[in-house]
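Visitor: I should like to learn how to read the features of a protein model. May we take them one at a time?

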Amino acid sequence: MRYGAPLSSHVRITDGDYADLAGAGAVVIAAGVNEQAGGATDRNDPRGRLRLLEPNAKVFADIVPRIVQAAPQAAILVATDPPEPLTDVARRLAGHGRVFGAGTHLDSLRFRVHLAERLRVDAASVHAYVVGEHGTSGVFLWSSARIGGASVERLAAERGIDFAELRQSLEHEVRYANIAIIEGIGASQYGIGMVVARMAQAVLDDERAAFAVGSYHERYGVTLSLPSVVGRGGVSEVLWPDMSADEARALERSAEKLRGALAEL
C-alpha cells in the first residue's frame, strides 16, 4: 500500500503502537477473528456473523481501553464483524458515546449496485437502504427504494420484471455477498475498506454526510444501523427513514436478534 501511495492523494502509511494514536480524530478498529477463520461462512447458519461476537468481544476488551487511553477524544469506528453488537461492546468499554459501526452502509451499497444492474441504470442514481443488522436479519427498505425519484417497484413493473422474484433473488445475493466473495478470493476486504475510509474522511472533515451506520438507539436498547449524519465525533443525528409496517416489524425482529446475541455474552 505504501508503495502505491504516489498514485493517490497525499497519504502517509506507517505502523506503530497505541501511543501513536495520540491526537487522532478517528480510530478504526478492524482487528479480530474474520468470517473464514471464525466459521461464519455457512449460508444456512442463521447466526451468520454473530458467530464471531464472543471471540471478538474478547479482542475488544484488550484493544478499546488502550485506544481511549491514547486518544481520549477520538471517534471510534467499528469495522470488525459483527459491527452492531461490537459497537455496543466498544461503547461500554470506551465509556463515551463517540462510537459507531460501519453497519449496513456496505449492504446498502450492494443493494444499490444489484438494483442498478437489474434495472440497467447507474448505481449512483439508485437510492436504497438496508437497515438493522449487518447480517442475516438486515432489512431491505424496498418501499422507499427510488431511482430518479421513481419507485423501484413501479420501474420493475414497467420493465416486465417480476417484483417478487426480484426481491427474493436480489436479497439473497446481497445478504450473502460476503460469503461469495470469500469463496472467490479468500477474504472480503476491499469493499469495507473503501466504506471505512469514506466514513473516516466524513469524521475528520466534519462533513455531516448521511450513511447507514450503527449507533445506539434507546428506543431499541441496542445498536442498530439506520441512515445517520456522520461528522466530527461520529453520529450526530439519526434520520429515521420511511418504511412500511412490514419493514418496521422486521426491524424490530432484527433488534431482538441483536439484543439476544448481546445477552449471551
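Guide: In helix 5, the buried residues are F163, L166, S169, L170, E171, V174 and R175. Buried means under 20% relative accessible area, exposed over 50%, and partly exposed in between (1.4 Å probe, protein chains only). Helices (H or I, at least four residues) and strands (E, at least two) are DSSP runs, numbered from the N terminus. This is a predicted model, in which local features need pLDDT of at least 70 and side-chain atom pairs count only at pLDDT 80 or more, while totals for chains, interfaces and linings use all residues. Residues are numbered from 1 along each chain as its sequence is written, and side-chain values use heavy atoms, with hydrogens and water left out.

Visitor: Against which elements do the buried residues of helix 5 pack?

Guide: An α-helix has 3.6 residues a turn, so residues three or four places apart point the same way. Here the buried residues of helix 5 pack against helix 3 (105-119), strand 6 (139-140), helix 4 (152-158) and helix 6 (177-185). At the start of helix 5, the backbone nitrogen of A164 has a side-chain oxygen of D162 within 3.1 Å.

Visitor: What span should the 13 residues of helix 5 have?

Guide: The expected span of a helix is 1.5 Å times one less than its number of residues. For helix 5 (residues 163-175) this gives 18 Å, and the C-alpha atoms at its ends are 18 Å apart, which agrees.

Visitor: Which residues have the most contacts inside the largest nonpolar core?

Guide: A nonpolar core is a set of buried Ala, Val, Leu, Ile, Met, Phe, Trp, Tyr and Cys residues joined through side-chain atoms within 4.5 Å. The largest one here has 32 residues, and I29, F60, V64, I76, L224 and L251 have the most contacts inside it. Two or more residues come from each of strand 1 (26-29), helix 1 (53-70), strand 2 (75-78), helix 2 (83-94), strand 10 (222-231) and helix 8 (245-263). Helix 1 gives the most, with 7 residues. A second, separate core has 19 residues, among them L115, F140, A156 and V174.

Visitor: What is I29 in contact with?

Guide: Contact means heavy atoms within 4.5 Å. Leaving aside neighbours within four places in sequence, I29 is in contact with F60, I63, V64, I67, I76, L77, V78, A79 and T80.

Visitor: At what angle do helix 1 and helix 2 pack?

Guide: Two packed helices are described by the angle between their axes and the distance between the axes. Axes are lines fitted to C-alpha atoms, for helices over the stretch in contact, and angles run from 0 to 180 degrees between N-to-C directions. Helix 1 and helix 2 pack at about 35 degrees, with their axes 9 Å apart. On the helix 1 side the contact is made by L53, N56, A57, F60, A61, V64 and V68, and on the helix 2 side by P85, L86, V89, A90, L93 and A94.

Visitor: Is N178 buried or exposed?

Guide: N178, which is in helix 6, is buried, with a relative accessible area of 3%. Its side chain makes polar contacts with the side chains of E35 (2.5 Å) and R49 (3.3 Å). A polar contact is a pair of N or O atoms within 3.5 Å; within protein, one must be able to donate a hydrogen and the other to accept it, and residues adjacent in sequence count only if both atoms are side-chain atoms. E35 is in the loop between strand 1 and helix 1 and counts as buried at 7% relative accessibility.

Visitor: Which peptide bond is cis, and where is R120 placed?

Guide: Most residues other than glycine have a negative phi, and most peptide bonds are trans. The bond from D81 to P82 is cis, with omega near -5 degrees; P82 is in the loop between strand 2 and helix 2. R120 is not a glycine, yet has a positive phi of about 55 degrees. R120 is in the loop between helix 3 and strand 4 (126-127) and counts as exposed at 74% relative accessibility. R208 also has a positive phi of about 55 degrees and is not a glycine. R208 lies in the loop between helix 7 (190-204) and strand 9 (209-217) and is partly exposed, with a relative accessible area of 49%.
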